Amino acid sequence: MSPRARLAWKVARVRETIAETPKARSLVLEVPDWQGHRAGQHLDVRLTAPDGYQAQRSFSLANAPEDPVPVITVDRIDDGEVSPYLTEVVQEGDELEVRGPIGGPFTWSVGDGGPLLLVGGGSGLVPLMSMLRHRARQGSELDTRALISVREPGLALYPDELRALEPAANLDVRWTYTRSPAPDARDFSGRVSAEMLAALGPPADAAPHVFICGPTGFVEAVATLLVDAGHDPVRIRTERFGPA
Amino acid sequence: MPPITRGFFGRRPDAEPGRLPPGQYLTHDFPVLSYGPTPHTPLEEWSFTIDGAVDSSPSWTWDELTALPSEMVMSDIHCVTKWSKFDTAWRGVSLDTLLEGVDTEGEYLVASCDGGYTTNLPLADVTDGKAWIAYEYAGEPLAPEHGGPARLLVPHLYFWKSAKWVRKITLTLYDEPGFWEVNGYHDYGDPWREQRYQGD
């Protein structure tokens, strides 16, 4: 394998901040020589304190790869070090360092084909949103189903945009609320179950590409349900965050 | 000198100086990173094999492997996703024990796992007390999401090299990149040199 140039840290400027929920914010970044990304990839962000102390973390890219500039959505972890800064302190015009995009297995583009099954827990929706935005920008009609698990409607990311995407052919996006009843009869209440996944589809014999992202326990539970329902583990890609 | 981030002061890690590799933060949790579903291979179907550039290819059943002399290993671990965890306690069989009597020309190896995961290492990085097939964590059987029933444990490298659900080690004459290594991650993965991605 030929050695590759080092993935360099670059100084990014925050062009815009977008409040998504009381806990989450999107940052539109200007990155010099940004070459685009594949839906599902992430960006490393590094912050430097006045004494030179640094902290770095990874954040999923939320926007369509077709956009000229990258967007990350950051969910605040209350006892976190970097996410509280990015959700509460950073302002338009501030500079921070980034490197990326990074990540290979947890990516999808319309060229990979369908059907597509996306299951996101909390901010695990972010890389899946990049896939949905990419699909929309490409005018794709590949069979796509998404199930989004969130505590309550007020904490759901991008609800209006997702509902506006929905009239598109072959797209079915549904929510399940783990601590609240579902305001819409199409949606669900409670943790993701075998019944919900069966109602959403596509079935295992349609061999969808499956992407699951969320907290560890969520991903373990959903992946197990799908394997038990006959989905080939090879077609299931996962990304987990947080403690076991 | 990188630019100072306006308004960022950070939390200094509650770790003694010099114990945390560059770019890492200390966690007391045990996060999980895997690219696919967690496999659940029954112990009666489980085996561990050494093959490839070897004169003979030894294999152990679960009962045979766990009957071998084991060691307690206390080590700090470092994940490429930036968390480190100190003083993790494992029990497992040293690769030195498993490679005893195996004659090989190979200078590298590929670890292969249930679920299809692979990772590559120089042979010198798993010998002389540097690597184990670990099957207990904190005094309990290793949980499936953390790689149980058994995982490779190579604590001096980023933790993706400590392949979960390991079933086979293939000795190779040349370095053959594994799953993350063909996906842009560093071929060797030394946390102290911050070798996260290719070119680092």
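Where does B:E194 lie relative to β11 of chain B? Some notes on this one, point by point.

1. B:E194 sits in the segment after β11 (166–172) of chain B; strands here are DSSP runs of E with at least two residues, helices are runs of H or I with at least four, and both are numbered from the N terminus. The residue isn't a glycine, yet its phi is positive, about 50 degrees.

2. Before going on: this is a predicted model, where local features need pLDDT of at least 70, side-chain atom pairs count only at pLDDT 80 or more, and totals for chains, interfaces and linings use all residues. Residues are numbered from 1 along each chain as its sequence is written, while chains are lettered from A and ligands numbered from 1 in the order in which they are written.

3. A:Y158 also has a positive phi without being a glycine, near 55 degrees. Look for A:Y158 in the loop between β8 (144–150) and α3 (159–165) of chain A. A:Y158 is buried because 22 other C-beta atoms lie within 10 Å (buried means 20 or more such atoms within 10 Å, exposed 12 or fewer, partly exposed in between, with C-beta atoms placed from the backbone). B:E194, with 17, counts as partly exposed.

4. Check the cis peptide bonds. A:G114 to A:P115 has omega near -10 degrees, and B:G148 to B:P149 has omega near 15 degrees. A:P115 falls in the loop between β6 (95–102) and β7 (116–121) of chain A.

5. In chain A, β3 (residues 42–48) pairs antiparallel with β4 over seven bridges (pairing takes at least two DSSP bridges). A:L43 has A:F59 as its bridge partner.
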